[in-house]
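Please prepare a briefing on the structure shown below.

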Amino acid sequence: MTAQLLQMSTPDGPFTIIARDGMVLASGWTAGPGELTGQIHPGLLPESLQEVTGLPGISAAVDAFYSGDPEPAMAVPVLQRSGPFRAHAWDVLRQVKPGFPVTYTEYAALAGNPKAVRAAASACAFNAAALFVPCHRVIRTDGSLGGFRWGLRIKESLLEREAA
């Protein structure tokens with residue numbers, strides 16, 4: 001199976017997307033697709049990547065996000081595979097309103113298990129589809145940023161952009 005590879009320039013640096021059949025398999029702020037393929041479930045991993053100049057709907061959603069409208073990114077289909085809690089937690093992340101980050105504790109409760117704070121944090125850590133599944137909207141209980149695969153500078157930039 002071949003997947004499409006799109007590299008875009010954003011105010012936060014290069015943004016790379018790997019997609020198949022109009023669905024995002026992985027994305028993040030990197031120019032190296034190798035940093036993304038390790039996050040894709042082995043059963044979804046493409047055999048090859050074909051560079052493209054655009055992905056209908058997907059690249060437009062990234063442009064909209066950086067123009068001040070984060071909502072189109074939440075409508076982009078994403079294809080990730082994991083266990084039931086993590087898959088549900090990823091769906092829940094897409095419902096967190098831009099500009100209103102939640103804590104890991106609140107996120108666990110939204111995902112249906114208030115005691116599963118570590119599992120909720122793990123769902124963020126293993127999210128392959130950054131921006132489209134907005135794990136950057138989850139922060140620590142004390143209000144600090146916590147972690148982010150693509151760096152705290154980018155997480156802070158995304159949260160500031162959404163708060164504006």
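The chain exposes about 7800 Å², of which carbon and sulfur atoms supply 54%; accessible areas come from the Shrake-Rupley method with a 1.4 Å probe, and for residues only the protein chains shown count as cover. This is a predicted model, in which local features need pLDDT of at least 70 and side-chain atom pairs count only at pLDDT 80 or more, while totals for chains, interfaces and linings use all residues. Residues are numbered from 1 along each chain as its sequence is written, and side-chain values use heavy atoms, with hydrogens and water left out.

**Surface and charge**

- Buried residues make up 47% of the 164 residues in the chain; buried means under 20% relative accessible area, exposed over 50%, and partly exposed in between, with a 1.4 Å probe and protein chains only.
- The chain carries 13 positive and 14 negative charges, and their mean positions are 8 Å apart.
- In this count Lys and Arg are positive and Asp and Glu negative, with His and the chain ends not counted; the place of a charge is NZ of Lys, CZ of Arg, CG of Asp or CD of Glu.

**Overall fold**

- The secondary structure comes to 7 helices and 6 strands, where helices (H or I, at least four residues) and strands (E, at least two) are DSSP runs numbered from the N terminus.
- From the N terminus on, the order of the elements is β-β-β-α-β-α-α-α-β-α-α-β-α.
- The radius of gyration of the chain is 15 Å, close to the 15 Å that the globule rule gives for 164 residues, so the chain is as compact as a globular protein of that length. The radius is taken over C-alpha atoms, and the rule is 2.2 Å times the number of residues to the power 0.38.
- Along the principal axes, the C-alpha atoms fill a box of roughly 40 × 35 × 25 Å.
- Of the contacts between residues at least 6 apart in sequence, 58% join residues at least 24 apart; contact means heavy atoms within 4.5 Å.

**Strand pairing**

- Two strands pair if DSSP finds at least two bridges between them.
- β1 and β2 run antiparallel and are joined by 7 bridges, with M8 opposite F15 in β2. A hairpin links β1 to β2 through 2 residues.
- β1 also runs parallel to strand β4 (residues 48–51), to which 4 bridges join it. The bridge partner of T2 in β4 is S48.
- Strand β2 (residues 13–20) pairs with β3 in the antiparallel sense over 5 bridges, and I18 stands opposite A26 in β3.
- Strand β3 (residues 23–28) is mostly covered, with 5 of its 6 residues buried.

**Helices**

- Helix α2 (residues 58–66) is mostly covered, as 7 of its 9 residues are buried. These buried residues are I58, S59, A61, V62, A64, F65 and Y66.
- The buried residues of α2 pack against β1 (2–10), β2, β3, α3 (71–75) and α7 (152–163).
- After α2 comes G68, whose phi is positive, near 105°.
- In helix α6 (residues 117–125), the buried residues are A120, S122, A123 and C124. They pack against α4 (84–93), α5 (104–110) and β6 (138–139).

**Loop residues**

- D21 lies in the loop between β2 and β3, a hairpin with 2 residues between the strands. Its phi is positive, near 55°, in a residue other than glycine, and D21 is exposed, with a relative accessible area of 63%.
- L131 lies in the loop between α6 and β6 and has a positive phi of about 80° although it is not a glycine. L131 is buried, with a relative accessible area of 2%.
- A129 is likewise placed in the loop between α6 and β6, and at 0% relative accessibility A129 counts as buried.
- Leaving aside its neighbours within four places in sequence, A129 is in contact with V24, A26, S27, V78 and Q80.
- The C-alpha atoms of A129 and I18 are separated by 9.0 Å, and these residues are 111 residues apart along the chain.
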